[in-house]
Amino acid sequence: MSKTITANAAALTVETTDELTLAIAAAHARVSEVYAAGSVTLIDTISNKDWLEWDGQHENAIVADSDGLEVADEEEALPVAA
Amino acid sequence: MHLPDFAYYYSLRNASREKVASAINNKIKTVGGLEAWNHLTLCSIDKSSIDYARIEWPKHYSKSGHNGLQYSWDKLLYRFAPRPSYFDLAVWQIVDGEKVLQGMALGKPSNGKHHLTINWIERSYAPTYMKPGVLFPILACAEEYAKLLGCNQVLIKDPEDPTVFRRYGYAPYELRKVSGNYISKELQT
């Protein structure tokens with residue numbers, strides 16, 4: 001009996017937590033929190049008819065930041081009042 | 001680079017892609033559209049996607065009128081990668097047995113995570129370009145990532161044709177103290 005208790009106690013004293021595993025666990029927790037109440041993606045908002053007919057082949061999808069390689073820390077820029 | 005921070009935000013980006021992939025798969029199962037969406041991969045920008053954009057995409061530039069971005073994707077990723085919370089996406093698809101890069105996108109959240117901005121998108125102009133277009137999965141992933149970050153909006157900075165984004169719910173948006181033309185969408189969480 002005492003050998004079993006000792007073996008069980010030993011089994012609990014070694015684990016693998018480090019900063020990386022904590023970070024990944026925190027991300028998983030965040031995902032669970034956000035999606036707990038359900039979430040509608042852009043895909044889900046499209047009607048069935050639109051989904052089947054959706055054609056983006058001729059879309060000009062290009063986005064090119066006029067600030068170029070300047071990736072400045074963005075302030076919380078304020079929207080202009082409507 | 002603080003690796004735990006990178007791991008945290010990478011995990012959120014990956015979760016956003018999984019959410020969108022799941023939504024697409026569900027739509028295919030319940031509604032259809034397999035041919036247009038089949039064999040799609042939503043993943044990080046990496047060396048293979050950067051090399052593909054550099055070598056393959058230019059072969060189709062002159063026909064389209066698009067002659068590439070001002071900067072290589074290598075340079076763009078280099079500028080964004082030091083911020084662990086950056087947004088990135090490469091959209092690959094297997095077409096006739098060949099792996100084709102359909103599009104890429106890069107962006108970043110504001111400091112207070114109020115909004116996520118997409119700063120760069122480029123698409124393929126090859127004949128193998130996917131019928132639905134890359135904006136659909138790119139914007140879907142950006143919006144899911146923004147929700148996970150706690151952002152209220154997604155902004156697109158300097159789209160060449162802002163009207164193209166209207167049907168995805170984006171409207172003109174003016175910001176003080178910054179340059180550039182923005183469109184935006186409020187997120188529903």
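What separates Asp51(B) and Lys47(B) by about one helical turn? They sit 4 residues apart in helix α3 of chain B, which covers residues 47-55, so about one turn of the helix lies between them. Lys47(B) has a relative accessible area of 62%, so the residue counts as exposed. Keep in mind as you look around that this is a predicted model.

Chain A has a salt bridge within a helix as well. Here the partners are Glu33(A) and Arg30(A), whose closest N and O atoms are 3.2 Å apart. Both belong to helix α2 of chain A and are 3 residues apart, which is about one turn of the helix. Glu33(A) is classed as exposed because its relative accessibility is 54%. Over all chains, the structure holds 12 salt bridges.

Now turn to where the two chains meet. Chain B brings 76 residues to the contact, and chain A brings 47 residues. An interface is often sized by the accessible area lost when its parts come together. For chain B and chain A that comes to about 5800 Å², with 58% of it on carbon and sulfur atoms. On the chain B side, Lys27(B), Lys131(B) and Phe136(B) supply 12% of the area buried against chain A, more than any other three residues.

What about polar links across this interface? There are 27 residue pairs in polar contact between chain B and chain A, counting pairs with both residues at pLDDT 80 or more. On the side of chain B that touches chain A, the elements giving two or more residues are α1 (3-30), α5 (73-80), β4 (115-123), α6 (135-149), β5 (153-157) and β7 (182-186). Of these, α1(B) gives the most, with 13 residues. Sorted by class, that side of chain B has 38 nonpolar, 16 polar and 22 charged residues.

The interface of chain B and chain A also has 3 salt bridges. One salt bridge between the chains joins the side chains of Arg167(B) and Glu59(A), at 2.9 Å from N to O. Another brings together the side chains of Asp65(A) and Lys157(B), with an N to O distance of 2.9 Å. That pair crosses from the segment after β1 of chain A, where Asp65(A) lies, to strand β5 of chain B, which holds Lys157(B).

Are Asp65(A) and Lys157(B) buried or exposed? Asp65(A) has a relative accessible area of 6%, so this residue is buried. Lys157(B) is at 5% relative accessibility and therefore counts as buried too. Asp67(A) joins in as well: Asp65(A), Asp67(A) and Lys157(B) are linked in a network of salt bridges.

The chains also pair through strands. Strand β1 of chain A, residues 63-64, runs antiparallel to β4(B), and 2 bridges join them.

Val154(B) has Lys185(B) in β7(B) as its bridge partner. β7(B) also pairs with strand β6 of chain B, residues 171-173, in the antiparallel sense over 3 bridges. There, Pro172(B) stands opposite Ile183(B) in β7(B). β7(B) is mostly covered, as 4 of its 5 residues are buried.

Ser39(A) lies in the loop between α2 (19-35) and α3 (42-45) of chain A. Its relative accessible area is 17%, so Ser39(A) is buried. The side chain of Ser39(A) makes a polar contact of 3.4 Å with the side chain of Lys147(B). Setting aside neighbours within four places in sequence, Ser39(A) is in contact with Asp44(A), Lys19(B), Glu144(B) and Lys147(B).

The other residue is Arg79(B), in helix α5 of chain B. With 37% relative accessibility, Arg79(B) counts as partly exposed. Not counting residues up to four places away in sequence, Arg79(B) touches Leu69(A) and Val71(A). For a sense of scale along chain B, Arg79(B) and Lys29(B) are 50 residues apart in the chain, and their C-alpha atoms are separated by 39 Å.

Conventions: Residues are numbered from 1 along each chain as its sequence is written. Chains are lettered from A and ligands numbered from 1 in the order in which they are written. This is a predicted model: local features need pLDDT of at least 70, side-chain atom pairs count only at pLDDT 80 or more; totals for chains, interfaces and linings use all residues. Side-chain values use heavy atoms; hydrogens and water are left out. Contact means heavy atoms within 4.5 Å. Buried area is the accessible area (1.4 Å probe) that two parts lose on being put together, summed over both. A salt bridge is a side-chain nitrogen of Lys or Arg within 4 Å of a carboxyl oxygen of Asp or Glu. A polar contact is a pair of N or O atoms within 3.5 Å; within protein, one must be able to donate a hydrogen and the other to accept it, and residues adjacent in sequence count only if both atoms are side-chain atoms. Ala, Val, Leu, Ile, Met, Phe, Trp, Tyr, Cys and Pro count as nonpolar, Asp, Glu, Lys and Arg as charged, and the others, Gly among them, as polar. Two strands pair if DSSP finds at least two bridges between them. Buried means under 20% relative accessible area, exposed over 50%, partly exposed in between (1.4 Å probe, protein chains only).
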